[in-house]
Amino acid sequence: MKNTKEIQTILTAIYCINLSKRDKKDKDIDQICEYAFDRIFGSNTNLLIACCVGRTQEEILEEVNEIMHTETKYKEYVDSKKGDNK
């Protein structure tokens, strides 16, 4: 597999975005992410939950976008997709 170093950041983003949905969050996404953190990284999602408590969806998305831009090639990917749609 290539670029596996981005897996934790991507899973973190997915999990936090799902948490930002509050009452509408998808329990299957929660469970799969929790399983992945446990199996792949030997950790849990407690710190992620603590970081999201009391924050608005906009605040969470701002943080998610920041980590995705700094720790992955996501921005370049999105920019290339925008170029494909022109």
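Tutor: Helices here are DSSP runs of H or I, at least four residues long, numbered from the N terminus. The model is predicted.

Student: In which helix does Ile 14 lie?

Tutor: Look for the DSSP run that holds this residue. Ile 14 lies in helix H1.

Student: Is Ile 14 buried, partly exposed or exposed?

Tutor: Buried means under 20% relative accessible area, and exposed means over 50%. Ile 14 has a relative accessible area of 39%. That value falls in between, so Ile 14 is partly exposed.

Student: Which side chain of opposite charge is nearest to Glu 6?

Tutor: Glu 6 sits in the segment before helix H1 (7–20). Glu 6 is buried yet has no salt bridge. A salt bridge needs a nitrogen and a carboxyl oxygen within 4 Å. The nearest side chain of opposite charge is 5.5 Å away, and it belongs to Lys 5.

Student: What does Glu 6 touch, leaving out residues up to four places away in sequence?

Tutor: Contact means heavy atoms within 4.5 Å. By that cut-off, Glu 6 touches Glu 71, Thr 72 and Lys 73.

Student: How many aromatic pairs are there, and is the pair stacked, edge-to-face or tilted?

Tutor: The count is one aromatic pair. Phe 37 and Phe 41 form it, 5.6 Å centre to centre. Their planes are 50 degrees apart, which makes the pair tilted.

Terms used. Residues numbered from 1 in each chain as written. Predicted model: local features only at pLDDT ≥ 70, side-chain atom pairs only at ≥ 80, totals over all residues. Heavy atoms only, no water. Helix = DSSP H or I, 4+ residues; strand = E, 2+ residues; numbered from the N terminus. Buried < 20%, exposed > 50% of the residue type's maximum accessible area, 1.4 Å probe, protein only. Lys, Arg positive; Asp, Glu negative; His and termini not counted. Phe/Tyr/Trp six-rings, centres within 6.5 Å; stacked < 30°, edge-to-face > 60°.
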